[in-house]
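Subject: Structure for your files

Hello,

Here is the structure you will be working from.

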Amino acid sequence: MDRRQFTVAGLAAGLAAAGTATADAATAAARAGTAFPKGFQWGVATAAHQIEGNNVNSDFWLLEHLKGSPFAEPSGDACDSYHRYPEDIAIVARLGLSTYRYSIEWARIEPEPGLYSQAELDHYKRMADLCRHYGLRPMATFHHFTAPRWLSASGGWHDPATPDRFAAYADRITRSMGDLLDSVCTLNEPNGPVEAYGERLDKPVPGEDLLAMLAAKAAGTTQWSGFGLGDVIKTRDGMIAGHKAARAAIKANRSSLPVGLTLALTELVAGPGGEALRDHIFEEARRPFYAAVKGDDFIGVQTYTRTRLGPDGRLPNIEKTLQMHYEYWPQALEATIREAARESGCPVIVTENGIGTEDDAERIRYTDEALRGLRRCLADGIDVRGYIHWSLMDNFEWLEGYRPKFGLVSVDRKTFRRTLKPSARHLARLARSNGAILG
Ligand code: BGC
C-alpha cells in the first residue's frame, strides 16, 4: 500500500495510471457478476457545522462557549469550508465520485424566527450549482444536528411549533434551489438521542447530563436540537413530525425530488441476557422511525460499529477501540443495511460509513470490509443505491473536537490546506471501477 500523502494537483496523474488496471478489473468483475449496479452512487459526506466555521448563530456555538462546556474545544473556523467550498467540491469531482452530501445550516438561512436570508440561500444555491457544473449529484441535508439559537431557546423539538417551522424552512430551500438538488435528507440521525439513552431511558449519559444543565442555564431550555436532552421520547416524536411536515413541503414544490431521512444505526447485538435491552432499544429508537419513513424515496443508513448489550447495559469492546470509542466492526454495515431495508421497505443509500483513526491504511481496510458486506446485500437482491463515505475531510467531531480523524483528506489547522490521503485515492479507484476492484 502506497501510504504517501499526495495533493490535489497530483491526483489526476495517479488516477490516470490507475485507469488501465481499473478497466481490467471491471471487465473481470462484470464477467464474474460481482459488479455493483449501473448508476450506483459513490460519494462523500460532510456537515455544515463541522466544516464551515464561525456558525455563530447556532445553538452548538453557544454550548461550545459556555463556561464548563464539555466540548473538548470550540468549532471556531472549522475547515473554513464556508469560503473554501469551491475547492472542496472540486476535490470530490476530481476523485471521480458521483455524489456530494453536505448540509444546509438552518441558523444561517433563518437567523431570526421568520427572517430568511436571501444571501445565505444564494450561498447554498451556488454550492448546488457548482456540483452540477462538475456533474456531481448534490444531496443536501436540511438539519444535521445544529439549529438556530432561537429555536433551541424556544424548546427546540419539544416546542409543538417546531415541525411547522422546519417545514417552512424546507419550503424556502426547495423554492430557492430544489431544481438543482439531486436528493434531500430532511434530518440527520433523529433517532440518535433516543438511541443513546436507550440503554437507560430514564438516565442521561453523563456528558449530556452536563449539557442539559448548561443549556438550562444559558437558554432556559433542557432541550437542545442535536442532542435531544431531557425527554428524548418527546424529541423523537417532534422530529418524526418534522420529517413528515418537511417532506410534504418539499414534495409540494417538486414532487420528483427524492426525500429521505438518515438513521444512526449500530449493529445491535445481544450478549447473554441482553435480549430485552436490545429489543427495548429497537422498539423505542428504531421502530417508530421505520414506521414513519414508509413510502419515502430512500432511507439513509449511517453505520460505524456495533453495540453489544448485556442485561445491565453496554458490554465492553472485544475488537480494537477506535478514536471515537467505537469498536472496530466494519461488518456492522451489512447488518444494518439488511435491517433498514427489511424494516422500512425503502431503497437504501448508505449516507455515512467511516472510521475515526490516524491510521489511513486501517481506514482503507475498514472501508473495503464494509463494502464487501454491502456487496453481499446487493447479491441478495437488496436495493442499495449508493455508498457515501464519512467524511470528505478531517473535521470538528462535536464533543471530541478536532482529535478524531474521519477524513479522506486532512486539513492543516492553521492554513486550511487540504491534503489527500491514500484512502481518498482508494475510494476514487473503487468509484471509477464501480466497485470492481474490491477484492
Ligand atoms: C454524524 C456525524 C459524525 C459521525 C462520526 C455521525 O453520527 O452524523 O456528524 O461526525 O457520526 O462520529
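The notes below cover the ligand site and then the cavities.

This is a predicted model, in which local features need pLDDT of at least 70 and side-chain atom pairs count only at pLDDT 80 or more, while totals for chains, interfaces and linings use all residues. Residues are numbered from 1 along each chain as its sequence is written, and side-chain values use heavy atoms, with hydrogens and water left out.

Ligand site

The ligand is surrounded by 14 residues, the closest being Gln-50, His-144, Glu-189, Glu-352 and Glu-397 (a residue counts as near if one of its heavy atoms lies within 4 Å of the molecule). By type, this shell holds seven nonpolar, four polar and three charged residues. In that division, Ala, Val, Leu, Ile, Met, Phe, Trp, Tyr, Cys and Pro count as nonpolar, Asp, Glu, Lys and Arg as charged, and the others, Gly among them, as polar.

Polar contacts here are pairs of N or O atoms within 3.5 Å. The side chain of Gln-50 places an N or O atom 2.8 Å from an oxygen atom of the ligand, and the side chain of His-144 has an N or O atom 2.8 Å from a ligand oxygen. For Tyr-326, a polar side-chain atom is 3.3 Å from an oxygen atom of the ligand. On its own the ligand has 310 Å² of accessible area, and the protein covers 94% of that (Shrake-Rupley method, 1.4 Å probe).

Cavities

Searching the whole structure gives two cavities of 30 Å³ or more. A cavity is a set of points, on a 1 Å grid over the protein atoms alone, where a 1.4 Å probe fits but cannot get out; lining residues have an atom within 4 Å of a point. A volume is the space filled by probe spheres set on the points.

The largest cavity has a volume of about 70 Å³. Its lining has 13 residues, with Ile-51, Glu-52, Ser-81, Ser-103 and Met-127 nearest its centre. Helices H2 (48-51), H4 (81-94) and H6 (118-133) and strand E2 (99-103) each give at least two lining residues (helices are DSSP runs of H or I with at least four residues, strands runs of E with at least two). The lining is made up of eight nonpolar, four polar and one charged residue.

The second largest cavity has a volume of about 40 Å³. Among the residues lining this cavity are Arg-363, His-389 and His-426. H15 gives the largest share of the lining, four residues.

Regards

How values were computed:
A polar contact is a pair of N or O atoms within 3.5 Å; within protein, one must be able to donate a hydrogen and the other to accept it, and residues adjacent in sequence count only if both atoms are side-chain atoms. On a 1 Å grid over the protein atoms alone, a cavity is a set of points where a 1.4 Å probe fits but cannot get out, and a pocket is an open set with protein on both sides within 12 Å along at least five of seven lines; lining residues have an atom within 4 Å of a point.
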